[in-house]
Amino acid sequence: MGKATVLTAATGVVGVAAILLGWVLPLLGEGDGNGPPTSRPTPAQSVSPRDDSVFEGDVTYPDGSVVKQGAAFDKVWRIRNAGTVPWQDRYLTRMNDTPCKAPERVGIGPVLPGETVDIKVRVRAADSPGRCKIFWKMTDDDGTPLLAGKKPIFLDVTVG
C-alpha cells in the first residue's frame, strides 16, 4: 500500500470518528470529562389552575321566545365548568337594566370541574310590548367579574 492510500484511509477514519463524537457527546451530557456525565436540568412542569366555562344552551325560553305582558317566568341556562377550578361563591350578575324585572344576581353552584349546572332566574315581563334583553356575567362574591374573555349570557324575549 502506498503512502497516499494509507494517508487517505487514516484521514477518513479520523473524519468518521469526529462525526461520531460530535453526535454522541451531546447525548452523554455536559460533564467535564473527569467524572460521570451530568444531565441537563429540565424545568418542572407546573400546572396552573385554569378557570373556564362553556355555554351548553338555553333550557327554557330560547332567544326570540314570546312572553305575555306582565307574566312571570323562569329562564334557565345550562353551563359547564370547563376549567380545573371548582366554582364556589359564584353568581350570574345582571349587567344592564331593561323594562323586564329580574334579580341583580343569582347563585351558581358549587360546581366541580367537568360538571354542568342549570342556572335559573325568575323574570317578570314588562307591562308593555317590546323586546327584553338582559345580559349576565359570572362574578365572585364581591361582584368582581370572572372569565373576562367570555361573552355574557343573556335572556332575549319579546313581550307581546
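A residue is called buried when its relative accessible area is under 20%, exposed when over 50%, and partly exposed in between (1.4 Å probe, protein chains only). The model here is predicted, so local features need pLDDT of at least 70 and side-chain atom pairs count only at pLDDT 80 or more, while totals for chains, interfaces and linings use all residues. Residues are numbered from 1 along each chain as its sequence is written, and side-chain values use heavy atoms, with hydrogens and water left out.

**View 1**
Asparagine 81 belongs to strand β3, residues 72-81 (a strand is a DSSP run of E, at least two residues, numbered from the N terminus). With a relative accessible area of 0%, asparagine 81 is buried. Look for a polar atom of its side chain 2.9 Å from the backbone oxygen of valine 85. Leaving aside neighbours within four places in sequence, asparagine 81 has contacts (heavy atoms within 4.5 Å) that include Asp52, Trp87 and Glu115.

The whole structure has three aromatic pairs (ring centres of Phe, Tyr or the six-membered ring of Trp within 6.5 Å; planes under 30 degrees apart are stacked, over 60 edge-to-face, the rest tilted). One of them joins tyrosine 61 and phenylalanine 73, tilted at 45° between the planes and 4.6 Å centre to centre. Tyrosine 61 is partly exposed at 30% relative accessibility, whereas phenylalanine 73 is buried at 2%.

**View 1. Arginine 105 over tyrosine 91.**
Here arginine 105 lies over the face of tyrosine 91, 3.7 Å from the ring centre. A charge sits over a ring if NZ of Lys or CZ of Arg is within 6 Å of the ring centre and within 35 degrees of the ring normal.

How values were computed: Helix = DSSP H or I, 4+ residues; strand = E, 2+ residues; numbered from the N terminus. Polar contact = N/O pair within 3.5 Å; in protein donor to acceptor, adjacent residues only side chain to side chain.
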